Amino acid sequence: MGRFKKGLFLGALFGAGMSLLNTTKKGNKIKKNIKETSEEIFVQVKKEIKDSGLAGKITDSKYAKIAEKKVKAYTKKNPWAKTMSNSIVKTLKAKHAKCKKNCCKTSKK
């Protein structure tokens, strides 16, 4: 193994070890809160999409507007979530593909 590859490998190994050592409980708690909150809001987003008749026709921009509206309403009721609102919106936008597959399909009767 050349000196460059060896240094690159050892540097990556050292960096991975340091990141594992520096992971805090607070950071994990925040991630857990974001995940739980986004799941709760995602249920509301799916319901609004179904109730509004947009199932199967929702665009990315319309989905983003609904998600942002729901997060804004949630943060009004739960002020502690305001600091996480951007992360929650990003998480919800990432779930759009899941929504397209599961809840946003039109049912054929």
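I began with Trp80, which is partly exposed at 45% relative accessibility; I took buried as under 20% relative accessible area, exposed as over 50%, and partly exposed as in between (1.4 Å probe, protein chains only). The model is a predicted one, in which local features need pLDDT of at least 70 and side-chain atom pairs count only at pLDDT 80 or more, whereas totals for chains, interfaces and linings use all residues. Residues are numbered from 1 along each chain as its sequence is written, and side-chain values use heavy atoms, with hydrogens and water left out.

**Aromatic rings**

I searched the whole structure for aromatic pairs and found 1. Tyr74 and Trp80 make up this pair, with 6.3 Å from centre to centre and 85° between the planes, an edge-to-face arrangement. For this I let rings of Phe, Tyr and Trp (its six-membered ring) pair if their centres lie within 6.5 Å, with planes under 30 degrees apart stacked, over 60 edge-to-face and the rest tilted. Tyr74 is buried, at 9% relative accessible area.

I then looked for a charge over a ring, meaning NZ of Lys or CZ of Arg within 6 Å of the ring centre and within 35 degrees of the ring normal. Lys95 sits over the face of Phe42, 5.2 Å from the ring centre.

**Salt bridges**

Side chains of opposite charge can pair when their charged atoms come close. I counted a salt bridge where a side-chain nitrogen of Lys or Arg is within 4 Å of a carboxyl oxygen of Asp or Glu, and the count comes to 6.

I noted Asp51 with Lys47, whose closest N and O atoms are 2.7 Å apart. Both residues belong to helix α2 (residues 25-52) and are 4 residues apart, about one turn of the helix. I took helices as DSSP runs (H or I, at least four residues), numbered from the N terminus. Asp51 and Lys47 are both exposed.

I next recorded the salt bridge of Lys70 with Glu48, where the closest N and O atoms are 3.2 Å apart. This pair links distant parts of the chain, since Lys70 is in helix α3 (residues 60-77) and Glu48 in helix α2, 22 residues apart.

Lys93 forms a salt bridge with Glu68, and I read 3.3 Å between the closest N and O atoms. Lys93 lies in helix α4 (residues 85-94) and Glu68 in helix α3, so the pair ties together parts 25 residues apart in sequence. Lys93 is partly exposed, with a relative accessible area of 39%, and Glu68 is partly exposed, at 37%.

Lastly, I traced shared partners: salt bridges join Glu48, Lys69 and Lys70 into one network.

Definitions and conventions:
Helix = DSSP H or I, 4+ residues; strand = E, 2+ residues; numbered from the N terminus.
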